[in-house]
Amino acid sequence: MKFFVDTADIEAIRELNDLGMVDGVTTNPSLILKSGRDILEVTKEICDLVDGPVSAEVVATEADAMIAEGRKLAAIAENIAVKLPLTWDGLKACKVLSGEGFMVNVTLCFSPNQALLAAKAGATFISPFIGRLDDINLDGMDLIADIREIYDNYDFGTQILAASIRTVNHVTEAAKIGADVMTAPPSVIKALAKHPLTDKGLEQFLADWAKTGQKIL
Ligand code: G3P
């Protein structure tokens with residue numbers, strides 16, 4: 001499973017990237033707002049830092065304007081994936097931009113049929129939002145499973161990018177189903193390392209080590 005980090009916070013990306021945990025980055029208008037940075041500047045910095053795809057989202061809602069914004073974002077760097085919302089206009093823009101050879105991430109996906117359309121329009125990534133479905137008492141993981149089944153039935157090459165991941169269990173479940181990629185905030189990625197038995201075991205080992213009176217260095 002590829003790990004994308006869902007943030008426009010350069011320092012957070014750098015820390016995870018230095019550990020080899022970053023296969024790509026996803027941003028959106030809300031994350032750009034949170035960063036307080038200019039979209040073109042911060043996206044360029046992220047692209048310079050990370051080797052993998054960096055999703056940058058258009059804000060136009062009409063296909064021609066989406067295409068124009070997508071081309072401008074794609075010109076930032078070779079590893080840009082243009083992020084488009086899953087609307088009819090977004091699908092039109094996806095078809096054009098993917099046809100021009102750009103990576104496209106179709107976002108705000110909430111149904112298997114939407115995912116089917118994105119694959120047919122040539123999307124590189126489809127982003128089903130797990131947490132936001134959980135928020136309305138649906139099971140976001142069912143959507144990941146449905147899309148996996150449909151894409152496998154027809155050998156679609158579009159990669160399932162599990163998004164709106166809020167918990168470590170979301171990561172486990174998405175990995176078990178076979179999502180190609182997951183994108184999560186840095187806090188969730190770091191939380192994957194945590195286990196109370198690890199902490200407890202380490203405490204015991206250190207206490208026993210102190211009793212030996214030995215030193216390694
Ligand atoms: O990757 C999509 C993500 O940024 C949305 O997450 O938690 O706002 O639903 P959330």
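Analyst: Happy to. Let's start at the ligand: one of its oxygen atoms is 2.6 Å from an N or O atom in the side chain of Arg 132. That is a polar contact, meaning a pair of N or O atoms within 3.5 Å; within protein, one must be able to donate a hydrogen and the other to accept it, and residues adjacent in sequence count only if both atoms are side-chain atoms. Before going on, note that this is a predicted model, where local features need pLDDT of at least 70 and side-chain atom pairs count only at pLDDT 80 or more, while totals for chains, interfaces and linings use all residues. Residues are numbered from 1 along each chain as its sequence is written, and side-chain values use heavy atoms, with hydrogens and water left out.

User: Which residues are around the ligand?

Analyst: A residue is near a molecule if one of its heavy atoms lies within 4 Å of it. Here those are Asp 6, Asn 28, Phe 129, Arg 132, Ala 163, Ser 164, Arg 166 and Thr 183. By type, the shell divides into two nonpolar, three polar and three charged residues.

User: How many helices and strands does the protein chain have?

Analyst: Helices (H or I, at least four residues) and strands (E, at least two) are DSSP runs, numbered from the N terminus. This chain has eleven helices and eight strands. Its C-alpha atoms fill a box of roughly 70 × 40 × 30 Å along the principal axes.

User: Is Lys 120 buried or exposed?

Analyst: Buried means under 20% relative accessible area, exposed over 50%, and partly exposed in between (1.4 Å probe, protein chains only). Lys 120 has 60%, so it counts as exposed; its place is in helix α6, residues 112-120. Ala 74, in helix α4 (residues 63-74), counts as buried because its relative accessibility is 11%. Across the chain, 45% of the 217 residues count as buried.

User: What does the side chain of Thr 27 reach?

Analyst: The backbone oxygen of Ser 55, at 2.6 Å. Thr 27 lies in the loop between β2 (24-26) and α2 (29-35), and Thr 27 is buried because its relative accessible area is 2%.

User: How do I read phi, and what is it for Leu 108?

Analyst: Most residues other than glycine have a negative phi. Leu 108 has a positive one, near 60°. Leu 108 is found in strand β5, residues 103-109, and with a relative accessible area of 32% it is partly exposed. Asp 155 is not a glycine either, and its phi is positive at about 55°. Asp 155 lies in the loop between α8 (140-154) and β7 (159-162), and at 68% relative accessibility it counts as exposed.

How values were computed
Nonpolar A, V, L, I, M, F, W, Y, C, P; charged D, E, K, R; others polar.
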